[in-house]
Each structure stands twice: as C-alpha cells, then as structure tokens.
Amino acid sequence: MKTRTIGQLTVSALGLGCMGMSEFYGEGNEQESIATIHDFLDAGGSLLDTADMYGPFTNEKLVGHAIAGRREDVVLATKFGNERRADGSWVGINGRPEYVRSACDASLQRLGVDHIDLYYQHRVDKTVPIEDTVGAMAELVQAGKVRHLGLSEASADTIRRAHAVHPITALQTEYSLWEREPETKVFPVLAELGIGFVPYSPLGRGFLTGQIRSVDDFADDDFRKHSPRFQGENFTRNLELVDRVKELADRKQCTPGQLALAWLLAQGEHIVPIPGTKKRERLRENLGAVDVELSQDELQLLDQLAPAGATAGDRYPNMSTIDT
C-alpha cells in the first residue's frame with residue numbers, strides 16, 4: 001500500500017470507513033466486518049475511520065475489538081460532536097469544551113486504546129465559538145489522549161480560526177465525482193495552511209459503483225431511501241452521470257468504483273479517501289484503485305462527464321447542520 005502525508009501524519013493512500021459496519025447501510029455482520037478490517041491492515045492499510053455516533057457507540061467497540069493486538073498497525077481516527085443517546089435518538093450538535101473532554105474519554109474506553117491518532121469535530125457547533133471547542137481539543141493533545149486534530153464539514157473561515165488555535169491536520173468532508181463543492185470553497189485554504197483532506201462518501205454513497213439501479217436495491221433501514229439524491233427524478237438524472245463514468249471505466253478495464261477512487265487520488269497527494277465497506281470482496285475492489293492510472297486526457301474527460309454541480313439533489317434531507 002502506498003502512503004500519503006496529511007498535515008504531519010503519514011497514512012495509507014486509502015483509508016477504510018467503518019460506519020456502515022454498524023449503521024445506516026442496512027444490517028451488518030460483525031464477523032465479516034472484523035475480517036474486512038483485518039484484511040485492510042494485512043494489505044498495508046492503516047487509516048481506520050469511525051465515530052462515537054455510529055451505532056450509536058457500537059462501531060467504536062467493533063473497531064476496538066478488531067485492532068486489539070494490532071494497535072501499532074493502525075492510524076485511528078474517530079469523531080465527537082453529533083450527540084446521540086444509547087437508544088439512537090438525537091440530542092444535537094455539541095461542541096462545548098466539557099463535552100469534548102467527556103466524549104474523548106468515552107471513545108478511548110470503547111476503543112480500548114490510550115490515545116486517538118486523529119480526533120475530529122464531526123460537525124461544527126454554531127452556538128459555541130470554534131476557538132473554545134478547538135481549545136479543549138488542544139488540551140487533549142497536551143494530555144496525550146489525542147495526537148492530531150481534525151474538522152469535518154467546516155467552512156473556510158472556521159478552518160482558519162481553528163488552525164490559529166491549534167494546527168489542524170485534516171478536514172473531512174464529502175467529496176467525489178458527484179460532490180465537488182469543496183474544490184472552490186475549502187481547497188484553497190487547505191493548500192495555504194498545509195492541511196490534509198479526507199473525503200468521505202468517495203463513491204457517492206455507493207452510487208458511483210454502478211451497482212445501484214433502483215431504490216428497491218436498499219434495505220428498509222438504509223438511510224439512502226430518504227436521501228434527496230436517491231429520490232424520483234434526481235435518481236434518474238444521477239444514474240445518467242454514473243453510466244457516463246461506467247463507459248470510461250469499461251474502456252479502462254476497471255470498475256466504476258475504482259475509477260472514481262483513482263480520480264480522487266489524482267486530485268492531490270494530500271487527499272486520502274476513506275471508502276466504506278463491510279465486505280472483504282468490496283474492500284479488495286477498492287484497494288485496486290491505487291493501481292489505476294489516469295492520463296491528463298482522461299482526467300479532463302471525467303471533468304466533462306461529471307462536472308461540478310452536475311449531480312441532482314441535496315446531499316442530506318436537512319443541510320442546516322453543514323457549516324458553510
């Protein structure tokens with residue numbers, strides 16, 4: 001596995017998003033999920049991404065169980081800020097300093113580790129100055145509980161203010177061939193400040209794999225059934241985009257998912273996608289993307305096939321939690 005540097009942190013060129021192993025994408029299988037994590041590490045992967053809210057709370061326990069005895073192989077990333085109760089109900093976005101400290105301690109316990117390599121604020125709490133939240137996160141670094149700090153779905157202004165308090169290693173935001181907004185809004189400030197970028201949903205929530213042809217393909221508890229981009233006319237229009245990508249993938253003799261990940265990797269050495277999967281078969285496919293090379297002509301063609309703004313529909317049913 002090739003490596004990349006985000007901020008001052010060296011990680012595998014592809015990470016593994018673990019969210020879907022516990023929630024949001026239908027029923028999971030813990031044994032298969034743990035085997036998937038082990039295969040990822042065996043292949044030289046290092047960056048594992050989880051969050052306290054996934055499950056809720058159960059995904060961190062799963063990841064902790066999977067990495068027991070292999071801590072030195074792992075760059076462990078988790079998140080706080082989307083506060084939920086044990087029954088799954090939502091409390092809200094919480095960036096208060098006292099919550100930062102308690103959330104970190106709880107994550108460390110569930111993960112079974114003594115430090116977190118990359119600790120993200122999952123969503124920006126607009127009721128709390130970012131300086132206060134990041135100040136509390138910086139205290140965790142000083143205490144040795146956290147090594148590096150990250151933000152998720154933060155605006156350029158928020159990133160600047162946060163970085164002035166303590167160096168930010170990585171920004172995690174949705175980015176893919178069907179979601180290109182970060183290119184104009186945050187990429188310039190990341191380049192200026194030397195911050196790495198970790199795209200989540202790099203396969204468009206699975207859409208860019210070409211495997212999804214109908215909303216009937218989703219389980220009843222799959223959140224994509226209620227996502228605007230998977231509804232009605234939006235779904236039909238977005239299928240057209242995916243089919244255009246698939247045509248080029250067929251010519252390249254790779255899968256559409258591999259092509260989508262290869263495109264992301266070509267956008268900059270500071271970019272480390274974290275495609276999520278709970279199956280070893282899909283993991284092997286995703287890892288194959290690091291060997292797909294795209295020429296400048298092919299990159300320009302993809303810009304034409306999937307230009308910024310081409311995807312129909314909002315990313316979430318409620319976009320009010322995104323810091324813009």
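1. The largest nonpolar core of this predicted model has 80 residues, and among these Ile37, Leu48 and Ile159 touch the most other members. In soluble globular proteins, nonpolar side chains tend to be buried together.

2. Helix H8 spans residues 232-252, and its 21 residues reach 31 Å from the first C-alpha to the last, close to the 30 Å expected at 1.5 Å a residue. Its buried residues are Phe235, Asn238, Leu239, Leu241, Val242, Val245, Leu248 and Ala249, and their cover includes helix H9 (256-265) and helix H11 (296-305). After H8 comes Gln253, which has a positive phi, near 60°.

3. As to the overall fold, the protein has eleven helices and eleven strands, and of the contacts between residues at least 6 apart in sequence, 75% join residues at least 24 apart.

4. The radius of gyration is 19 Å, which agrees with the value near 20 Å that a compact globule of 324 residues would have, while the C-alpha atoms fill a box of roughly 50 × 40 × 35 Å along the principal axes. Of the 324 residues, 57% are buried, and the protein exposes about 13,500 Å², of which carbon and sulfur atoms supply 46%.

Methods
Residues are numbered from 1 along each chain as its sequence is written. This is a predicted model: local features need pLDDT of at least 70, side-chain atom pairs count only at pLDDT 80 or more; totals for chains, interfaces and linings use all residues. Side-chain values use heavy atoms; hydrogens and water are left out. A nonpolar core is a set of buried Ala, Val, Leu, Ile, Met, Phe, Trp, Tyr and Cys residues joined through side-chain atoms within 4.5 Å. Buried means under 20% relative accessible area, exposed over 50%, partly exposed in between (1.4 Å probe, protein chains only). Helices (H or I, at least four residues) and strands (E, at least two) are DSSP runs, numbered from the N terminus. The expected span of a helix is 1.5 Å times one less than its number of residues. Contact means heavy atoms within 4.5 Å. The radius of gyration is taken over C-alpha atoms; the globule rule is 2.2 Å times the number of residues to the power 0.38. Accessible areas come from the Shrake-Rupley method with a 1.4 Å probe; for residues, only the protein chains shown count as cover.
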